[in-house]
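Open the model in your viewer and keep the selection panel at hand. This tour goes from a metal site to the strands.

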Amino acid sequence: MSRGRPAILFDRDGTLAHEVGYVNHVSRFALYPYAAEAVRAANRAGFLAAVVTNQAGVARGYFPESLVQEVHARMRGAIEEAGARVDAIYYCPHHPATGAPPYRQDCDCRKPRPGMARRAEAELGADLSCSWVVGDRFSDLELAWAVGARGALVKTGYGLGELTYGSASWRRQPDLVAAHALEAVQEIVARIGREPA
Ligand SMILES: [Mg+2]
Ligand SMILES: [Zn+2]
């Protein structure tokens, strides 16, 4: 079996877009100013670029799944308008204990479970062993480690607080800590050149 391509799996809220709590209307969604540049940097370095986001507000009944799709169409449009390419956007609308079926389910895709990364592997041909998850929560790092990828924690969104008050109890520390998603991608790309083949 041939090796796939490395991927960077970006968390959405707090990583590419402002963390505002539930994005329960498209008017609450705003990308960080560097978001498209972060994706473009991944594109240029030969990484697949995908978004992996938990959207349990669907299961909780706060907003319909169609809103998630509307937000993602807007996100994709803004990123592409800036000359970058998102290879896939994956979201988990589920919650294990809240709401009604089919959204109330103990799914395999709610981070830190591996489902969305596995989809990137199956559908995009990502080689997870040389891939990264970039996110602002420890659960993003756990997703990375669950599939043999590496995890970068950004200090935007919940990141600085998680790092300051949570990291002492983490079983493993982030493979990279960056000020924001663009810096994370730049550092990931820089490390490629420093690693043995
Ligand atoms: Mg986040
Ligand atoms: Zn799910």
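Donors here are N, O and S atoms within 2.8 Å of the metal (3.2 Å for Na, K and Ca); water is not among the atoms, so sites may look incomplete. This is a predicted model: local features need pLDDT of at least 70, side-chain atom pairs count only at pLDDT 80 or more, and totals for chains, interfaces and linings use all residues. Residues are numbered from 1 along each chain as its sequence is written, chains are lettered from A and ligands numbered from 1 in the order in which they are written, and side-chain values use heavy atoms, with hydrogens and water left out.

**Stop one: the zinc site.** Select the zinc ion (ligand 2). C92 (SG), H94 (ND1), C107 (SG) and C109 (SG) coordinate the ion at 2.1 to 2.2 Å. Along the chain, the donors are spaced C-x1-H-x12-C-x1-C. H94 and C107 both sit in the loop between β3 (88-92) and α3 (115-124), 13 residues apart. Helices (H or I, at least four residues) and strands (E, at least two) are DSSP runs, numbered from the N terminus.

Are H94 and C107 buried or exposed? H94 is buried at 13% relative accessible area, and C107 is buried at 6%. Buried means under 20%, exposed over 50%, partly exposed in between (1.4 Å probe, protein chains only).

**Stop two: β1.** Select residues 7-10. A7 and L9 point one way, I8 and F10 the other, and all are buried.

**Stop three: the neighbours.** Pairing takes at least two DSSP bridges. L9 stands opposite A50.
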